[in-house]
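Open the structure in your viewer and keep the selection tool at hand. We will go from stop to stop.

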Amino acid sequence: MANDGQDTRMDPAREQALVARARSDPGAFGELYDFYLPRIYGYVARRVEDRSMAEDLTATTFERALGAVRGDDFRNASFGGFLYRVAANAVVDHVRRERHTIPLGVRARDHDRDGDREDAEAISDESAARAFASAVDRDLLRRALVRMPDSHRRVILLKYFDGLDLDELCAALGCSRQTFAVKLHRALRALRAAVGQEATDAA
Amino acid sequence: MRPEDRRAAMAGSAGSDEPLPPLDADLLPLDEELTAAGAQARRALHGRTQPTRLFSTSLRDRLVSAAAAPADSTSAAASRALPPLAAERGSRLRPELARTGETWAPRPLDPRIARRTPTVLPRARWSLLAAAALTGVVVAGALGARLDWLLPSPTADASPPPSSAPAPTADTTPGPTQVVALPLPTAAPATEPAVTPRVTAKPAATPRPTPKPTPKAEPTPKPEPTLPPIAPMELMAKACPGGVVLDWTKPSPDVGHYHVLRSLAGDVAPTYPAPGATEIESATSWSAGVTDAYDASLDGGGASATYRAFAFDGGDQVLAYSPSVTVTTVAARSLGSLGVTPNGPGSITLSWAGADLPAACFTYGKLVASAEDPEPSYLKGSQYLAVIGDPGATGVTVEGLPSGTTVWMRYELIRATSTGKFVVGRTAVVQVTYP
């Protein structure tokens with residue numbers, strides 16, 4: 001099966017050069033946009049089923065990115081990771097709006113009630129988890145993916161389903177490589193334990 | 001920039017070049033399984049998770065325009081160029097604009113809301129005063145009509161009878177109606193002096209200041225979003241024994257999926273769906289990168305089949321279509337009977353007639369066997385005993401077979417494409433008991 005190029009990565013040096021140029025060169029930002037739009041849109045669309053809303057959230061993500069790269073304090077080494085993190089925030093905001101009635105003009109995250117960000121993140125990952133699980137051949141693994149703890153499942157989804165590279169994963173999760181390695185190990189072990197639990201339940 | 005975005009922008013830990021510690025060995029199989037599943041899931045969802053071409057180009061135009069503004073005004077420029085979130089505004093305005101390519105501009109405030117703003121307060125004050133006065137006129141008039149028999153009317157004799165007042169109250173209008181002249185900022189128009197105040201309750205007589213007509217700027221025509229050029233779409237159809245291999249080119253990076261139509265009665269019209277044409281299910285590709293497929297739905301050979309491929313974007317709009325291509329189908333090859341020669345315990349040699357196939361019509365040969373199915377086939381998932389890479393091969397020796405087992409067996413030539421496989425040729429089935 002042919003690969004449509006979604007798995008290729010932009011050379012980090014070129015990406016950083018484009019980010020630096022984007023402050024004064026619209027074409028540089030356009031190039032970053034061309035490369036990341038399908039990825040960011042895909043990330044959002046895998047979590048938000050409504051196409052119009054996915055377009056909204058994607059547009060918001062790039063709008064914020066444009067403001068960020070033209071500011072003085074953009075130091076993130078991974079532009080893609082930054083985009084994924086902003087997109088994740090936009091999706092969480094969207095989920096919160098769907099759950100609560102938020103007054104117009106007020107950001108959802110300003111209405112953080114009892115730390116419901118985690119709930120919103122988990123809900124936003126639900127459809128992604130189901131879509132990912134449907135591609136898994138092993139029945140037990142499929143069921144375990146859907147039922148495993150949210151924090152571990154997020155790591156699994158970002159790495160294997162969304163296909164983020166290492167720097168993007170670290171930026172999206174806001175952690176170092178070492179910390180990510182620990183998170184990944186824990187997530188895989190949690191998944192394997194969940195598979196075992198599924199097998200026990202089935203028996 | 002929002003605080004959380006600023007934190008994300010400042011998160012510099014990702015730039016570290018520390019190597020990632022390798023996964024523990026016992027986790028590697030799970031890692032591989034998840035990696036494969038992730039790639040498969042992304043491919044399966046590709047059509048639904050790609051932005052439409054119009055959305056991509058429209059948003060790009062806006063962002064690049066905003067990026068061209070001075071750096072310190074980027075946020076403002078981007079905000080002007082991009083409408084706020086539909087969810088924040090409680091409407092679906094944004095997607096509509098994205099489709100039409102229009103620029104967002106704030107709508108005029110609803111008059112009920114506009115009254116609250118300082119700029120329209122004077123007008124509102126006049127309106128409220130006038131409304132209060134008119135209410136007073138009406139109430140007082142009604143009361144006067146009811147109570148005039150109780151009150152002496154000093155002007156009753158002096159007032160001329162109303163000329164245009166409604167008839168039922170014509171003889172009782174004086175008295176209370178005098179109230180109307182006092183509080184109003186402007187009196188009733190001079191053109192209607194003789195008319196009773198009740199008649200002045202027409203909207204034209206209210207003291208509302210005449211609004212100055214504000215000259216409206218000519219709407220500047222918005223240029224159409226520039227769309228990237230679409231490369232011509234090519235289609236190659238190769239009639240192989242047992243099926244037709246279809247291969248086309250990807251016309252644009254914005255393709256979401258493909259459909260192929262077939263007609264057995266001449267050309268396929270360049271519309272989707274096309275009248276008289278059949279959609280080939282085995283040739284539908286839901287991934288932009290999958291550009292080869294097959295059609296094995298025509299039994300026998302000698303039919304003249306015409307194909308046309310269509311490329312769609314993520315919004316199910318036709319992006320491009322190929323020219324029509326006509327081929328004459330060919331029946332699957334018969335490789336004769338399958339010869340079986342026992343060699344010893346658990347070993348047999350199988351032979352068949354060779355097939356002279358073009359490379360484009362052959363992927364591999366499979367020697368399949370089944371203990372349950374008397375018509376084993378690789379396409380049905382039957383177990384295979386050997387894989388042959390040469391289409392001209394005429395035999396193979398298989399060893400290590402479980403002695404005494406009886407199976408049905410046949411050899412098949414397979415052509416595999418990205419959307420599935422079909423049988424190019426096969427031998428007859430033979431029942432074999434392993435020596």
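**Stop 1: confidence in chain A**

Within chain A, helix α5 (residues 117–134) has the lowest confidence, with a mean of 69, while α2(A) has the highest, at 90. The score is pLDDT, the predictor's confidence in each residue, from 0 to 100. Helices here are DSSP runs of H or I with at least four residues, strands are runs of E with at least two, and both are numbered from the N terminus.

This is a predicted model, in which local features need pLDDT of at least 70, side-chain atom pairs count only at pLDDT 80 or more, and totals for chains, interfaces and linings use all residues. Residues are numbered from 1 along each chain as its sequence is written, chains are lettered from A and ligands numbered from 1 in the order in which they are written, and side-chain values use heavy atoms, leaving out hydrogens and water.

Colour chain A by pLDDT. Its mean is 78, and 79% of its residues reach 70 or more. Now select residues 1–7 of chain A: pLDDT stays under 50 there. Residues 100–114 of chain A also stay under 50. The model gives this second stretch 27 contacts beyond four places in sequence; a contact means heavy atoms within 4.5 Å. Where pLDDT is low, the coordinates should not be read in detail.

**Stop 2: the cores**

Select F79(A), F132(A), I156(A) and L34(B). These have the most contacts inside the largest nonpolar core, which has 77 residues. Helix α2 (residues 26–45) of chain A gives the largest share, eleven residues. Such a core is a set of buried Ala, Val, Leu, Ile, Met, Phe, Trp, Tyr and Cys residues joined through side-chain atoms within 4.5 Å. Buried means under 20% relative accessible area, exposed over 50%, and partly exposed in between, with a 1.4 Å probe and protein chains only.

Which residues does L34(B) touch, leaving aside neighbours within four places in sequence? Its contacts are F132(A), L141(A), L145(A), I156(A), Y160(A), L188(A) and L191(A). Another core, of 29 residues, lies apart from the largest one; L367(B), Y411(B), L413(B) and V430(B) are among its members.

**Stop 3: an open sheet**

Move to chain B. Three strands form an open sheet in the order β1-β2-β5, with antiparallel pairing. Its edge strands are β1 (235–240) and β5 (292–295) of chain B. Two strands pair if DSSP finds at least two bridges between them. Six bridges join β1(B) to β2 (residues 243–248) of chain B. Pick M236(B): its bridge partner in β2(B) is D247(B).

**Stop 4: cysteines**

Stay on β1(B) and select C240(B). A disulfide joins C240(B) to C361(B), with S to S at 2.0 Å; the cut-off is a pair of cysteine sulfur atoms within 2.5 Å. The two cysteines are 121 residues apart, and C361(B) sits in the loop between β11 (347–351) and β12 (364–370) of chain B. Both C240(B) and C361(B) are buried.

C170(A) is buried, at 0% relative accessibility. C175(A) is buried too, at 6%.

**Stop 5: an enclosed strand**

Finish on β3 (residues 255–263) of chain B. Nine of its nine residues are buried, so the strand is largely enclosed by the rest of the structure. Eight bridges join β3(B) to the antiparallel strand β6 (residues 304–313) of chain B. There, L261(B) has R308(B) as its bridge partner.
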